[in-house]
Amino acid sequence: MEHARKLTHRIKLYGELVMFSHTLFSLPFAIIAMVWAAEGWPSGRVMLWGLIALIGARNGANAFNRVVDRVFDEKNPRTAHRHLPRRLLESKEVLLFVVVNYGIFIFAAAMLNMLCFILSPVAIFLISSYSYTKRFTYLSHLYLGFTIASAPIGAWFAVTGQFAFTPFILGTIVMLWIAGFDIIYGSQDIEFDKNHGLWSIPSVFGLKNGLRIAAGLHFIMVLLLIALIPIRDLSWFYIAGIGIATILLLTEHKIIKPSNRKRMNVASYNLNQVISMVILFSTLADYFLLS
């Protein structure tokens, strides 16, 4: 019983380390890409290995980011509570966790098709290198979005094993969306970033301009979601979902207050998890109920 309790606690620590609940940012768009690519539900095998690949890549990348950022996390009052600064986990064991998850990702990619397997090392390089971009460019927000955009693109490849136009539109939507709310989240650390040589759009351009840029990225994101209507022959279920998502995005930008951490978590994370699920369910409903 004691052994089981310790194991459960350990699993919980790693789940918190990689913020497993944030899978809701990338998974819905990956599911949409799979359904569109397969013109219906993909096979159980593709769904299984695609999900395993997504989780392995995401867990590995988040854990790697925690190791790379541990020195800054220790100094930043906002992040000093994280697992590595508090020594709840050690860097060596987290790096082993990274290696295991990347290994799972590569194996799952190989089980999908040759294109996924060939591209898996490229994906690992991209999602790992993000952790260093904050040290030399304020475009780190867009690079983060770019890496997470690999979820719908990779999901499409998992089903078809071929390149296509639609997944790259989905990927661009994800990139703009993630970059926008990462700028909002980063507005909490303007002074810290300036004092420690870290780059972000809010620290370089100021709070107001940074938030304007975030709003602009989300505006383009909505335009691209609308552009998918004629491309995919989508109808009112999807349109209603985009309408709700837009209202939620407007709410997100309305409630921003960097001095209020709880409000910033709602704006950066909670609302965006709802947005992704609204887009997922409205898209699936449109495809399966109205097609």
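**Entry 1: Asn272**

I looked up the neighbours of Asn272 and found that it touches Phe25, Trp177, Phe181, Leu249, Glu252 and Ala267, leaving aside residues up to four places away in sequence. Contact here means heavy atoms within 4.5 Å. This is a predicted model, where local features need pLDDT of at least 70, side-chain atom pairs count only at pLDDT 80 or more, and totals for chains, interfaces and linings use all residues. Residues are numbered from 1 along each chain as its sequence is written, and side-chain values use heavy atoms, without hydrogens and water.

I located Asn272 in helix α14 (residues 261–290); helices are DSSP runs of H or I, at least four residues, numbered from the N terminus. Asn272 is buried, with a relative accessible area of 0% (buried means under 20%, with a 1.4 Å probe and protein chains only).

**Entry 2: aromatic rings**

Next I checked the rings, and the structure holds 16 aromatic pairs. One of them is Phe29 with Trp177, which is tilted, at 5.5 Å centre to centre and 50° between the planes. Rings pair if their centres lie within 6.5 Å; planes under 30 degrees apart are stacked, over 60 edge-to-face, and the rest tilted. I noted that Phe29 sits in helix α2 and Trp177 in helix α9, 148 residues apart. Both Phe29 and Trp177 are buried.

**Entry 3: α12 and α13**

Last, I looked at two helices whose axes come within 11 Å and cross at roughly 180°. Axes are lines fitted to C-alpha atoms over the stretch in contact, with angles from 0 to 180 degrees between N-to-C directions. So α12 and α13 are roughly antiparallel (over 145 degrees).

Conventions
Phe/Tyr/Trp six-rings, centres within 6.5 Å; stacked < 30°, edge-to-face > 60°. Buried < 20%, exposed > 50% of the residue type's maximum accessible area, 1.4 Å probe, protein only. Parallel < 35°, antiparallel > 145°, perpendicular 65-115°, else oblique.
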